[in-house]
Amino acid sequence: MKKLLIEGRSRLLFRLVICCVIFRATGNLTAQEALNQDTIKLKEVEVYGETEKFFPVKIIHLKTYESDAVRDIGDFLRQEPNVSGIRKGGVAIDPVVRGFKYSQVTVLLNSGVKIEGGCPNRMDPVAAHVESENIQKIEIIKGPYVLKYGPVLGALINLETELPHPYAKPEIHGEALYGFESNWNGQREHVTLSGGNNKVFFNASGGYKGYGSYSAGNEEQYKTSFRKMYGAAGLGFMVKNNHKIILTYAYDQGKDVMYPSLPMDERLDQTHIGSFKYTGQHMSKIWQSVEFQGYFSSVHHVMDNLNRPASKTMQAVTTVDARDAGGKLNGILQSGAHKIQLGLDFEHIYKDGNKKMTMKMVMEGDSFTSVKCANVWLDALYNNLGAYAEYQIPLKGIDLTAAIRLDYNQANSSDTFQLVNNGIAYFDDLGSNYFNISFSLGIKKQLTSYLSLSAAFGRGTRSPSILERYIKLMPVQYDSYDYLGNPQLLPEKNHQADASFEFSHPSLGALTVGGFFSLITDYIIGKVIPPAVIKPSTLGAPGVKQFSNTDLVYLTGFEATYQSPSDRKWGLLINAAATYGTEPEAVKYIISGGQVVGEETVKNDPLPEIPPLEGSVQFFYKFFQNKLIPRLKVRLVSGQNRVSQSYGEPKTPGFITAAASINYSPCKFASLAAGIDNIFDTPYYEHLNRRIIGSTERLYEPGRVFYFTVILKI
Amino acid sequence: MRFWIRLSCLVVLSCYLSACKKGNNTPPPTPSGTIIFSLEHQVKGQPLTEDELIYTNAAGNDYLITEVKYFISDIAFYHNDGTIKVIREWEDIFYVDEDIPETKTIQFFDKIPAGIYDSINFIFGITEEKNESFMYVNPPEVNMFWPEVLGGGYHYMMINGKWKDEAGFITPFDFHLGIGQLYKGNDYHVDSIYAFVQNYFKVSLPGSSFIMEENDTLTFRLTMKIENWFENPHIFDFNQWGGAIMQNQQAMHIVKENGWDVFSITHIIRK
């Protein structure tokens with residue numbers, strides 16, 4: 001009843017705001033004001049100019065997806081070439097970029113704010129703590145080439161949220177969004193207010209999402225329901241000309257989020273994110289800008305198996321608290337054509353959590369209950385201090401960029417757990433310190449007016465995460481094994497080269513083709529520990545694996561994109577991408593009669609969790625001066641037959657899906673979108689989708705979904 | 001020219017050193033073979049037939065068996081040179097269940113060095129050091145859980161069935177072995193437990209000497225004679241001890257002492 005009341009209130013509030021927005025929109029603004037507003041509202045942004053970069057970067061603006069049926073960022077990012085996602089439930093899809101996953105992909109907020117997810121099973125990857133409605137821009141950088149955001153191994157995803165910005169004169173704006181999706185009866189509601197003047201400015205937003213269980217094309221319904229509530233507020237000041245301070249706070253809550261592919265469901269996940277940012281520009285002739293950013297984020301995560309049949313015999317509840325705090329000082333100096341960016345950053349992570357298992361047994365007519373509490377992490381700490389420098393200069397017609405980054409990384413834990421067996425220390429010495437060097441070098445050469453060539457080489461070094469160092473017996477990876485951390489893991493090093501050419505012609509469109517090769521040393525994988533040493537503690541886990549360094553693995557792949565000229569009424573976007581990963585020597589365990597009876601070495605074993613070759617074709621046409629735009633998208637994904645033998649990874653069949661949508665914007669204050677995803681109700685699953693727990697069946701993607709989105713703006 | 005000569009010498013020397021190092025790190029493989037245990041449950045020389053009231057024990061109880069499941073661990077092979085090969089490289093505790101055929105054939109991950117072996121023994125149940133509560137979370141082993149208040153860990157054995165009691169009623173029995181409890185007074189309430197008793201025991205297999213040759217696969221056919229649990233040296237009478245003994249240390253002690261001769265080797269097959 002309480003839940004219904006809260007939801008009812010939320011909807012009432014939402015409708016009131018919509019009424020205010022409509023009243024404000026129709027009542028007060030003249031066309032000229034609106035025009036002025038638009039002009040002024042362009043806050044200062046970092047203009048990337050994609051063609052200026054020597055490394056593969058993709059920038060996606062809110063406009064691209066705000067009308068689509070987007071439940072979370074990870075889901076949306078899967079549309080990008082060579083970006084995939086690991087689905088475990090209806091939401092919180094964990095991004096995989098060019099085969100790099102988990103901590104190999106750095107995800108951060110507003111160019112510097114970091115979040116440490118609480119869940120060991122990655123129910124809450126970083127992107128799950130930020131709602132898509134609050135994001136203005138997503139930047140995907142493939143490769144270890146941008147070193148100013150912290151240590152990066154394989155890729156970086158920077159989520160830029162809407163920050164308050166100054167206005168030339170006092171203004172106030174509002175926006176309201178309502179979206180509905182059939183199939184899983186999903187609703188999302190979002191409101192935003194922003195305003196201020198040239199001295200003080202603010203924004204605030206909030207929303208609610210509620211989705212039920214979806215049915216896949218195979219007519220199977222999966223328990224994937226979830227509820228999310230969130231809010232954010234920001235306040236900014238112009239202290240003097242060119243000196244700006246912005247304070248932000250955001251809250252995000254997930255409740256009763258079901259994960260059919262994990263042994264537990266998320267009961268509660270509460271995230272608080274606070275940040276402070278000072279920006280000073282044009283400080284002197286040489287000092288172009290100085291920026292200081294500080295942040296704090298905390299996550300409280302509770303998950304359990306109370307909705308699972310297994311809870312009748314054994315109940316398990318895990319609670320984790322994770323805190324991340326840090327800061328960054330960044331300065332840009334420019335003298336003539338020479339541009340230098342210098343900076344220092346620091347990150348501190350604290351993580352603590354426990355698992356409570358309760359076993360109920362009825363024996364000889366009597367009922368007995370046994371309880372065991374074990375820590376998942378115990379006061380685990382991770383500190384990283386980094387310094388970086390980036391130098392840019394045009395040299396004989398070639399744009400040259402060189403960057404270096406030095407990191408000192410330290411971690412420790414208060415664990416009393418030790419695992420030493422037959423003289424082998426599996427989990428013993430807890431402290432570790434590393435000094436890491438990363439660097440990159442890139443060039444871009446304009447060969448002709450329409451053709452440019454880019455090349456980059458870099459080394460990215462990533463210290464092991466707090467999970468890889470100290471996790472204790474939780475199924476945190478692709479297979480169902482319980483994982484044990486390894487405090488003495490070495491940092492992973494990625495040596496990567498990228499090359500691409502871009503042909504951009506005003507009447508022919510733009511074609512970009514690029515490839516990469518990546519050699520990763522001290523690659524972190526799971527190695528099985530014999531059950532005689534340690535046994536799993538999670539129901540369904542066939543054994544225990546420990547994070548370990550393997551000698552080397554390599555990844556290679558390509559991306560190709562064609563985009564039609566933007567001045568045409570019609571538009572065509574074609575993408576194709578693939579990644580191939582190989583482990584030169586992998587260990588495979590021979591299983592007979594359910595028992596491990598031996599092991600063998602597999603040569604050139606494909607790495608697990610690498611998405612297959614895929615392509616997409618998107619076509620649209622702009623009617624009535626861009627007011628009505630129908631769009632059709634077809635996605636073709638080949639089967640994945642390159643699967644890891646050592647992991648016992650199953651093959652995945654290929655599939656084709658189609659989606660259609662129509663966007664109608666009758667005026668600048670309102671837009672309406674409607675569409676169908678998976679038009680033919682195709683039963684399919686992505687290669688990275690996890691298995692349904694307790695079975696070999698994979699979690700299918702949603703079947704046909706009809707959706708509409710209404711957006712009102714003033 | 002000098003430079004190239006020096007460089008060549010350096011390369012040759014490095015190759016030599018690395019080759020030496022590799023040679024030193026890779027010991028020659030020890031000649032060894034594989035051992036498989038194939039377990040069978042019998043009553044009076046015949047394979048067990050479940051759910052049929054066709055057996056009579058030494059006390060004269062007519063009984064039937066519905067389930068037989070147990071753990072054996074720390075299997076040790078005694079070489080005649082005095083060394084002992086204990087099975088523990090991969091798994092050291094093995095679960096056997098009459099109703100799960102794959103558990104009745106155990107192929108050991110450990111390779112057994114070639115040589116002459118005098119005997120084989122193992123622990124029936126799980127030693128105190130290893131028998132930890134919650135160490136099994138998956139079926140079927142998890143179903144052997146022994147309540148924490150009664151000593152924790154896991155049952156060593158569950159033989160479940162029914163016997164015809166003195167009144168002629170078919171009454172269920174749970175012939176279970178695990179950690180025993182000592183109670184103050186005559187009360188069996190858990191609050192009156194003052195000590196626990198480890199009831200696991202070592203089984204020495206009679207006639208278990210063998211010769212292992214390189215690349216041999218030896219299959220030992222092990223038989224559990226179920227009727228032996230009820231006799232020698234003690235006659236176990238269901239009418240005296242009742243159907244539930246997991247809170248009765250005296251009864252479990254009798255079972256433990258009867259267990260010394262329930263296992264035997266019937267065949268050794270060499271491949």
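Predicted model: local features only at pLDDT ≥ 70, side-chain atom pairs only at ≥ 80, totals over all residues.
**Paired strands in chain A**

In chain A, strand 19 and strand 22 (residues 432–446) run antiparallel and are joined by 14 bridges.

Across it, Ala389(A) sits opposite Ile404(A) of strand 19. Strands 18 and 19 of chain A form a hairpin with two residues between the strands. In this hairpin, Lys396(A) has a positive phi near 50 degrees.

**An open sheet in chain A**

Chain A also holds an open sheet of four strands. Their order is 1-5-6-4, and the pairing is mixed. Strand 1 (57–61) and strand 4 (105–109) of chain A are the edges, each pairing on one side only. From one strand to the next, the twist averages 15 degrees.

Strands of a sheet pair through backbone hydrogen bonds, in either a parallel or an antiparallel sense. Strand 4 of chain A pairs with strand 6 (residues 155–161) of chain A in the parallel sense. Five bridges link these two strands. In one of them, Thr106(A) has Leu156(A) of strand 6 as its partner.

**Chain B: overall form**

Chain B has 17 strands and three helices. Its C-alpha trace spans about 105 × 45 × 30 Å along the principal axes. The radius of gyration of chain B is 25 Å, whereas a compact globule of 271 residues would have one near 18 Å.

Of the 271 residues of chain B, 32% count as buried. Now take contacts in chain B between residues at least 6 apart in sequence: 70% of them join residues at least 24 apart.

**Helix 3 of chain B**

Helix 3 of chain B covers residues 249–258. Its buried residues are Ala251(B), Met252(B), Ile254(B), Val255(B) and Lys256(B). Among the elements of chain B that cover them are strand 11 (170–177), strand 12 (180–183) and strand 14 (201–204). Helix 2 (238–241) of chain B is also part of that cover.

**Where the chains meet**

Chain B puts 23 residues in contact with 25 residues of chain A. On the chain B side, strand 7 (residues 105–107) gives the most, with three residues. By class, this side of chain B has 12 nonpolar, seven charged and four polar residues.

Notes: Residues numbered from 1 in each chain as written. Chains lettered and ligands numbered in written order. Pairing = 2+ DSSP bridges. Contact = placed C-beta atoms within 7 Å. Nonpolar A, V, L, I, M, F, W, Y, C, P; charged D, E, K, R; others polar. Buried ≥ 20, exposed ≤ 12 C-beta atoms within 10 Å, placed from the backbone. Rg over C-alpha atoms; globule rule 2.2 N^0.38 Å. Axes fitted to C-alpha atoms, helices over the stretch in contact; angles between N-to-C directions.
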